[in-house]
Amino acid sequence: MTDERQAVVDAQGLRLQFGERLLWDGLGFALHEGEFLAVLGPNGSGKTSLVRILLGLLAPTAGSVRVAGQAPGLARAKVGYVPQQSGFDPDAPLRGCDLVRLGLDGHRWGLAFSSRDADERVRGALADVGATGYCDAPVGRLSGGEQQRLRIAQALVSDPALLLADEPLLSLDLASQRIVIDLLDRRRRHAGTPVVFVTHDVNPILGLADRVLYLAPGRWAIGTPAEVLTTETLSRLYDTPVDVLHVRGRIVVVGTPDDEGVHHHEHAQAR
Amino acid sequence: MFTELLGQHFVHTALMAGAVVAVVSGAIGTFVVTRGASFAVHAVSELGFTGAAGALVLGIDPVAGMLAGSLLVGGVLGLLSLRGRERDSAIGAVLAFGLGVGVLFLNLYQGYATEATNLLFGSIVGVSDRQLAVLAVVAAIVLAGIAAAYRPLLFSSIDPEVAEARGVPLRALSVLTFLLLALTTAEAIQVVGVLLVLTLVITPAAAAQRLTANPATAILLSIVIALVATEGGILLSLQQPWPTSFFISTISFAAYLGARMRTWSS
């Protein structure tokens with residue numbers, strides 16, 4: 001990379017080790033404005049750990065990370081975070097507007113007084129994701145797709161410099177997956193906000209990802225999808241023969257140690 | 001008879017004590033229910049009983065022992081900040097042991113058995129002016145704590161994953177919630193007793209959450225339901241000499257049933 005602009009994420013020499021188990025070493029990448037980085041890999045390869053490092057919630061065993069030029073913990077206010085669809089309790093006392101508002105100032109002390117500025121920003125964020133109608137709806141009664149729309153508004157309301165999405169498509173139907181991806185992509189194109197998108201299935205974002213970071217136990221690779229998602233690269237990463245098949249415009253990875261035939265059954269909850 | 005009783009000083013004190021306890025119980029209940037920590041309320045309250053029984057053995061103020069017991073277990077539960085099944089079984093184990101120790105203390109205690117009965121089932125009409133003052137001070141502390149940390153309390157109890165990503169210290173807020181709960185529980189024990197704390201801390205909040213999704217309204221409604229139950233229960237027990245705790249839990253439960261039925265029919 002010979003990019004002169006300042007990177008939004010600058011990771012160098014990252015090493016992550018839990019006891020004897022080495023997840024990755026020497027991991028480095030720079031993420032610039034407008035970029036879409038897909039983070040792929042099997043369960044336990046440290047995808048969520050990478051997200052937590054970028055949020056400053058986990059310290060890497062070695063190496064350095066800067067987010068928007070700052071230590072990750074200090075940059076949290078500039079990061080929009082979209083979790084996987086979590087399914088709120090049906091009786092949770094929270095409406096769509098409240099959820100988005102928490103993304104704006106829920107981390108601050110004191111009572112939540114309504115202010116014109118805050119209300120406008122919440123309304124704006126809801127309008128951006130086409131969720132104006134969910135403002136007064138109890139979040140626990142909305143569908144998974146509707147909740148994820150609100151999640152994106154919650155992440156965007158603070159006008160972030162970086163978007164981190166950790167398995168945001170999990171347990172969504174295809175139409176809702178499409179909406180979530182489009183909303184993140186729209187923000188990236190209009191505001192230049194780069195996206196780090198953790199997923200176990202690359203297919204929904206195949207046309208979108210500029211680069212893929214593939215984490216495998218003890219190894220990693222980064223590059224364009226065409227460079228990384230190949231039989232050669234993945235066989236090297238897994239240290240075992242792996243086949244990358246192209247079937248009807250989809251990519252199917254066969255032969256990985258956690259293979260279940262098709263590569264999208266797992267439920268990533270690696271912590 | 002009824003109007004005569006209404007003029008009595010001890011009835012006024014009881015009504016005021018009931019109001020104070022209802023307000024704090026209804027307020028903290030919302031955060032406890034959204035955390036899914038109803039069972040923890042029971043543990044905190046039973047360990048409060050153990051503390052009070054221990055204090056009786058030592059010959060000190062049982063309320064001080066109760067506070068110590070519930071604060072201790074509240075602090076520990078908050079620090080562990082366990083989730084789901086792990087928390088469930090951990091609380092069950094701690095609760096059972098604490099109650100066992102409480103039984104031993106009661107056995108060692110040579111005083112009146114009424115003290116123990118009062119702890120278990122409440123004794124609102126026995127509240128003294130000094131106790132009322134203590135109740136009011138502790139309630140003010142709890143309400144101030146809730147107000148000061150309202151937004152992160154709400155964020156961390158309903159949406160912990162994003163709250164953490166936004167920099168909300170989850171463990172510290174878990175400890176805060178459980179300490180405020182412990183203080184509230186020690187208050188509620190004096191009105192409804194150890195075994196019925198849930199009727200003021202959980203039932204009104206659960207009912208309120210069936211009726212509204214607005215968090216601030218849910219807290220206010222929860223307080224109102226707890227107030228109606230407590231004050232109504234005290235007044236009814238003046239009419240009909242059955243235990244106050246029975247009336248309070250009945251009104252509270254009726255509100256809960258009503259809230260559920262309203263949402264079923266709509």
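## Chain A at a glance

Of the 271 residues in chain A, 45% are buried, meaning that 20 or more other C-beta atoms, placed from the backbone, lie within 10 Å of the residue's own. This is a predicted model, in which local features need pLDDT of at least 70 and side-chain atom pairs count only at pLDDT 80 or more, while totals for chains, interfaces and linings use all residues. Residues are numbered from 1 along each chain as its sequence is written, and chains are lettered from A and ligands numbered from 1 in the order in which they are written.

Seven helices and eleven strands make up the secondary structure of chain A. Here helices (H or I, at least four residues) and strands (E, at least two) are DSSP runs, numbered from the N terminus.

## The overall form of chain A

The C-alpha trace of chain A spans about 55 × 40 × 35 Å along its principal axes.

Among the contacts in chain A with a separation of 6 or more, 65% join residues 24 or more positions apart. Two residues are in contact if their C-beta atoms, placed from the backbone, lie within 7 Å.

## Where the chains meet

How many residues of chain B are in contact with chain A? There are 26, and they touch 25 residues of chain A. On the chain B side, the elements giving two or more residues are α2, α7 (129-148), α8 (150-158), α9 (160-165), α12 (203-211) and α13.

## Helix α2 of chain B and its partners

Helix α2 (residues 9-34) of chain B and helix α13 (residues 215-239) of chain B have axes that come within 8 Å and cross at roughly 150°. Because of that angle, α2(B) is roughly antiparallel to α13(B) (over 145 degrees; 65 to 115 counts as roughly perpendicular). Axes are lines fitted to C-alpha atoms, for helices over the stretch in contact, and angles run from 0 to 180 degrees between N-to-C directions.

With α12(B), α2(B) packs at an angle of about 70°, the axes being 8 Å apart. Therefore α2(B) is roughly perpendicular to α12(B). This contact involves Gly26(B), Gly29(B), Thr30(B), Val32(B) and Val33(B) of α2(B), together with Pro204(B), Ala205(B), Ala206(B) and Gln209(B) of α12(B).

Key: Parallel < 35°, antiparallel > 145°, perpendicular 65-115°, else oblique. Buried ≥ 20, exposed ≤ 12 C-beta atoms within 10 Å, placed from the backbone.
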